[in-house]
Amino acid sequence: MKEEFTRYLYEIGIKDLFYIEVVKTYDRVTKLISDEITDIFVTDYVESDGRRNYEDLILFTSGRIVEAQRFITQGGLFVNQISSYPLAGMDLNSTAYDFENASAESRLNAGLVFGPAGFGGLRIDLKASGNNCDFLTAVLKKYFLSRQ
Amino acid sequence: MGQISTSDWPVGFGEEMAGSKPETLADYKTWLQKMYNVESTSLNRTYYESVSNKILIEFMKSDFWQAVPAELERLDQKYFITEEYHLFTANFRPDMKLKPFSSFLEKTFRKNIVENENWPNEPKGGWILPESWYSEIGDIVRTMFVVKYLDGVSFFVANFSDLLSKHDMPVTVDYEAREEGYYAAHLSTEYECEIPKESWDTKRVRVKIEMQVTTQLQEVIKNLLHKYYEGRRLTTKASEVKWQWDYRSEEFATNYLGHILHYVEGMIMDIRQKQRGAKQ
């Protein structure tokens, strides 16, 4: 796994056994897909008691988005062939966030719709909390917003 | 002041020597001084607090205790990976607690007198006197780990015992299930530390540290029970009516609540396992 990915995981608080689960999932995906993984993103949310929960591991390649949903406890993988579908739209919902400087209270949810909406397109939901909002903004800009 | 064994005393001699059975803590203090020349310093709250604080501080500085926060996070993750639930509540950190002097002295009173079936002879295991009582009383320093679910207790005990072993610390485990509705696992370890002597010199003693493991629901009921039993345990007279039949007593309500909650927690586990089975 690339050093920058490890650094990202560390920055959003993924360590110890959860880090091992990321590595295991990452290794499984690289056995399946030969494309270079250019970015990773972990969706997370904060519970009412303040606990940060990590949910899905998203791996980006130039033409695919691989979703490892609930990667810590489950083993399913969704391989989305995004190069075949243009981005049709994006819902963005944010709290305490200006798309630049995330604070602990920041929240960002992005709903990405690919292909003709309502006609068999696909939807990917990405959510982030705290400093992960800046990482989500970065991947949205890199893969979707700068291209359109 | 040496350890005196009463086991070789002729029949009836012990009663004569021991005098009347102490009924109160004040009587007990006098009895200790009269029978075993216990120095007044040993029965002094300030001295006790200096000793217990020293034990607490040394234990908290130990490599083992320093490793605990990271271990709790690791265990929470380990449990989450297999169970899809968290082991602890958010930001859980165990508090270390010191047994207050009054409770400490009461405990020696209970063991030496109230619960001593061999009175006026020494209780099983011998008299608990100042030269050994910091090693004998197991919960002068104690802590509690509160897990969210019933299966978290045995999960925690197994994994935490490994941590103790890694630090070459002995561990004994007792899964308590009392008639009074108290359910918890008690992990006990030993730790050698330096404490002040009565003469304000120092000595090294091996003390026991108690680590209770319970669930959130049981912690609530435990706090209720604790207040009730603190007063009750000191009485030497048995109640005429069993609490199970005295539905108007506080014991009836709190004790059965403890049992009911334990049952409910078992049902929660059953539902969780059924849900998991349905998912798979």
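Okay, hi everyone. Before anything else, keep in mind that this is a predicted model.

Let's start with chain A and the sheet built from E1 to E4. It's an open sheet of four strands, in the order E1-E2-E3-E4, and the pairing is antiparallel. So which strands stand at the edges? Those are E1, residues 39–46, and E4, residues 78–80, of chain A; each has a single partner strand, so one side of each has no neighbour in the sheet. Going from one strand to the next, the twist averages 25°.

Now, what packs on that sheet? That's helix H2 of chain A, residues 16–32, which touches strand E2 (52–60) and E3 of chain A. If you like angles, the direction of H2(A) makes about 20° with that of E2(A).

While we're here, have a look at E3 of chain A, residues 65–68. It is joined to E4(A) by three bridges, and the two run antiparallel.

Next up, another sheet in chain A. Here we have three strands in an open sheet, ordered E5-E6-E7, and again the pairing is antiparallel. The edges are E5 (87–95) and E7 (122–129) of chain A, and each pairs with a single strand, so each has one side left without a neighbour in the sheet. On average, ignoring direction, neighbouring strands of this sheet are turned by 10° against each other.

How many bridges pair E5(A) with E6 of chain A, residues 107–114? Eight, in the antiparallel sense. One pair to look up is Gly89(A), whose bridge partner in E6(A) is Val113(A). And there's a helix on this sheet: H3 of chain A, residues 132–145, lies across E5, E6 and E7 of chain A and runs at about 145° to E7(A).

Over to chain B. Its secondary structure is nine helices and five strands, and from the N terminus the elements go α-α-α-α-β-α-α-β-α-β-β-β-α-α. Chain B has 280 residues, and 24% of them count as buried. Among contacts in chain B with a separation of 6 or more, 71% come from residues 24 or more positions apart.

Last thing, the contact between the chains. Chain A puts in ten residues, and chain B puts in ten residues. On the chain A side, that's three nonpolar, two polar and five charged.

That's me done, thanks.

Methods:
Residues are numbered from 1 along each chain as its sequence is written. Chains are lettered from A and ligands numbered from 1 in the order in which they are written. This is a predicted model: local features need pLDDT of at least 70, side-chain atom pairs count only at pLDDT 80 or more; totals for chains, interfaces and linings use all residues. Two residues are in contact if their C-beta atoms, placed from the backbone, lie within 7 Å. Ala, Val, Leu, Ile, Met, Phe, Trp, Tyr, Cys and Pro count as nonpolar, Asp, Glu, Lys and Arg as charged, and the others, Gly among them, as polar. Two strands pair if DSSP finds at least two bridges between them. Axes are lines fitted to C-alpha atoms, for helices over the stretch in contact, and angles run from 0 to 180 degrees between N-to-C directions. A residue is buried if 20 or more other C-beta atoms lie within 10 Å of its own, exposed if 12 or fewer, and partly exposed in between; C-beta atoms are placed from the backbone.
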